[in-house]
Amino acid sequence: MRLILTALYKLSGIVAALCILSITGLVFAQVCLNLVDKIAAAVTGQAIGLTIPSYSDFTGFLLAASTFLGLAYTLREGGHIRVTLVTGLLRNKTRHRIDAVVLAVALAMVAYTAVYMGLLVAESHTYGDRTSGMISLPLWAVQLPVAVGLVVLTIALLDELICNLMGLPASYEGKGENLLNE
Amino acid sequence: MSVLTLSIILFVLLFILLGSGLWVALSLLAVGMSAMMLFSDAPLGLVMATTIWGHGNSWALAALPLFIWMGEILFRSRLSEDMFTGLAPWMSRLPGQLLHVNIFGCGIFAAVSGSSAATAATIGKLSIPELSKRGYPEKMVIGTLAGSATLGLLIPPSIILIVYGVATEQSIARLFVAGILPGLLLVSLFVGYVIIWGVMNRDSLPVEGARYSLREKLYHSRRLLPVIGLIAGVIGSIYAGIASPTDAAAVGVVLALVMSWSSGSLTRQSFVEGLMGAMVTSCMIAFILAGASFLTVAMGFTGIPRLLAEWIGSMGLSTYTLLAALTVFFVIMGCFLDGISVVVLTTSVIMPMVLKVGIDPLWFGIFVVIVVEMSQITPPVGFNLFVLQSLTGRNILTVARAALPFFLLMLVALAIIVAVPEIVTFLPDNM
């Protein structure tokens, strides 16, 4: 079970990272085309007008997918910022209990958000909404990763809560809080 | 329930949630949810889902992971080491000597990293051992690092300016360009202070024996070339108007990859680590932004920001009084929250107030960033202080005391940009 869960978080984290890689590739390709265009305009006096259709829309969709699919992985890496100033002063046992409450609140909120994001995706599917732009995709398909990411985060929070109640330390405890916080 | 009671309840709720250790993004989301439940009949879940989707897929925000990734790649390359050896020959004759390496090193690294904690960590890891070995006073080593590392927030490409730009719908390219002169202003204030201090305290500084001829200086400076080329390429393409910040960020990533590949520090492992690190940081920031965007929408439903703006408007405060009050407020907030949270909270509640008294939102962005920089070096929560604490093993109050002169210099810089707003607006107006 532990192995499956870890694999799930890692997989969705890797997909998130691949989205960033794709953004870089896509945008850089467009910059290269712009350059070719500029050179062509200088040589022949006429721009060809090379553009990747809807590239800025795609970039946005990839960013959304990356953000939400990365949530669970980031949680476990201790990447999400929280204020530890107050709780840091408490005794370990008290802090562990407060963490349980915090996790329960987080779980309820994220689960709620995930449900409504799921409903939004379903609605887009029912009405057959499509994205605007030159290349039009079904809206539900680009919204789906956001909902999936929230579901994975829900699972990760449930996982943390159960571990907490069993008396285990949190996966994000003592990880990378110094350099990333800004 | 009156608006006042409600605002107080929400404010207290926010502090309880943050204090209990609930993640910042979720705290913002929770306050937004409570505000909507208490104060409007709008369908909560639906508004939330559409807001999150609407703000999550943003072309402008796509610059964020790319600039973070660029910083991660350079962080893992030999860049900082090169910078020290390249800069040192130029500084050895100036009063204050190699202390200036901290300032210029941070200034340059800030231009490629966009994050002040990363700047403090990278430059500090390199310069602290080097400078203490040569006998520089610890107080000044720590102080110059703490102060100048905050430049990472202001000197473009700056992650916090991207966040501000996206949240307030300002042009990110204009914000970047607006940050250049204030950044240089801060650098010159820091350098001036170290020179004066150096002249007054000649005895406590070591004598730099090595003299370099111009030829040697230039020869050593060749190691600065790649990074200067990178900065010129990224900022130049934005300034010349041929690339949007997102485009420029992608170019920066590719150049950084080429640079670290040619210097031999790019391995499969460092590539994967850098990419995953960039994903984690950008996910954290984008999630906070999603929470803040929902809070902004929820606040709109409650009408609190509008009433607050009207209230401030009716008091007939002068712009200066308002700015002074906001500075104090931000520095206090910054004692407990990180820079990005401060900025996103600002945009949800304070922006209407600021617009009401007729402050230019572009100028205000730079103002906020400088105040946030100041809050990075104020105890008890100042991320630069934490980084330097872990690098030097000194306690946070010692580090904070060393940083105090630089805090005051930033206050001077604030006063200057209030008195002469053109320092901020001149470049963007002439873009």
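Q: Why is Gly291(B) called buried in this predicted model?
A: In this predicted model, Gly291(B) has a relative accessible area of 3%, and since buried means under 20% relative accessible area, Gly291(B) is buried. Gly291(B) lies in helix 14 of chain B, where it touches Ala25(B), Leu28(B) and Leu29(B), not counting residues up to four places away in sequence.

Q: How far apart are the C-alpha atoms of Gly291(B) and Gly334(B)?
A: The C-alpha atoms of Gly291(B) and Gly334(B) are separated by 19 Å, and the two residues stand 43 residues apart along the chain.

Q: What makes helix 4 of chain B and helix 14 of chain B oblique to each other?
A: Helix 4 (residues 63-75) of chain B and helix 14 (residues 268-302) of chain B pack at an angle of about 140°, with their axes 8 Å apart. Angles over 145 degrees count as roughly antiparallel and those from 65 to 115 as roughly perpendicular, and the two helices are therefore oblique to each other. Helix 4 of chain B passes helix 14 of chain B in a right-handed crossing.

Q: Which residues make this contact of helix 4 of chain B with helix 14 of chain B, and how do they divide by class?
A: On the side of helix 4 of chain B the contact is made by Leu64(B), Pro65(B), Ile68(B), Trp69(B) and Glu72(B), while the residues of helix 14 of chain B include Phe271(B), Gly274(B), Leu275(B) and Ile285(B). By class, the contact has nine nonpolar, four polar and one charged residues.

Q: How do you know that helix 4 of chain B is largely enclosed by the rest of the structure?
A: Twelve of the 13 residues of helix 4 of chain B are buried, so this helix is largely enclosed by the rest of the structure. Among the buried residues are Ala63(B), Phe67(B), Trp69(B), Glu72(B) and Leu74(B).

Q: What span should the 13 residues of helix 4 of chain B have, and what is the distance between its end C-alpha atoms?
A: At 1.5 Å a residue, helix 4 of chain B should span 18 Å, and its end C-alpha atoms are 18 Å apart, which agrees. For helix 1 (residues 3-20) of chain B, the 18 residues should span 26 Å, and the end C-alpha atoms of this helix are 26 Å apart, which agrees as well. In helix 1 of chain B, the buried residues include Leu6(B), Leu10(B) and Leu14(B), and just after this helix Gly21(B) takes a positive phi of about 100°.

Q: Why is helix 1 of chain A called roughly perpendicular to helix 14 of chain B?
A: Helix 1 of chain A and helix 14 of chain B pack at an angle of about 95°, with their axes 9 Å apart. Angles of 65 to 115 degrees count as roughly perpendicular, and that makes helix 1 of chain A roughly perpendicular to helix 14 of chain B. Among the residues that make the contact are Gly13(A), Ile14(A) and Ala17(A) of helix 1 of chain A, and Phe271(B), Met276(B) and Ser282(B) of helix 14 of chain B. The residues of this contact divide into ten nonpolar, two polar and no charged.

Q: What makes Ala40(A) count as buried?
A: Ala40(A), whose place is in helix 1 (residues 2-44) of chain A, has 14% relative accessibility and so counts as buried, the cut-off being under 20%. Ala40(A) touches Gly45(A), Gln46(A) and Ile48(A), not counting residues up to four places away in sequence.

Terms used
Residues numbered from 1 in each chain as written. Chains lettered and ligands numbered in written order. Predicted model: local features only at pLDDT ≥ 70, side-chain atom pairs only at ≥ 80, totals over all residues. Heavy atoms only, no water. Axes fitted to C-alpha atoms, helices over the stretch in contact; angles between N-to-C directions. Helix = DSSP H or I, 4+ residues; strand = E, 2+ residues; numbered from the N terminus. Parallel < 35°, antiparallel > 145°, perpendicular 65-115°, else oblique. Left-handed = near helix turned anticlockwise from the far one by under 90°. Contact = heavy atoms within 4.5 Å. Nonpolar A, V, L, I, M, F, W, Y, C, P; charged D, E, K, R; others polar. Expected span 1.5 Å × (residues − 1). Buried < 20%, exposed > 50% of the residue type's maximum accessible area, 1.4 Å probe, protein only.
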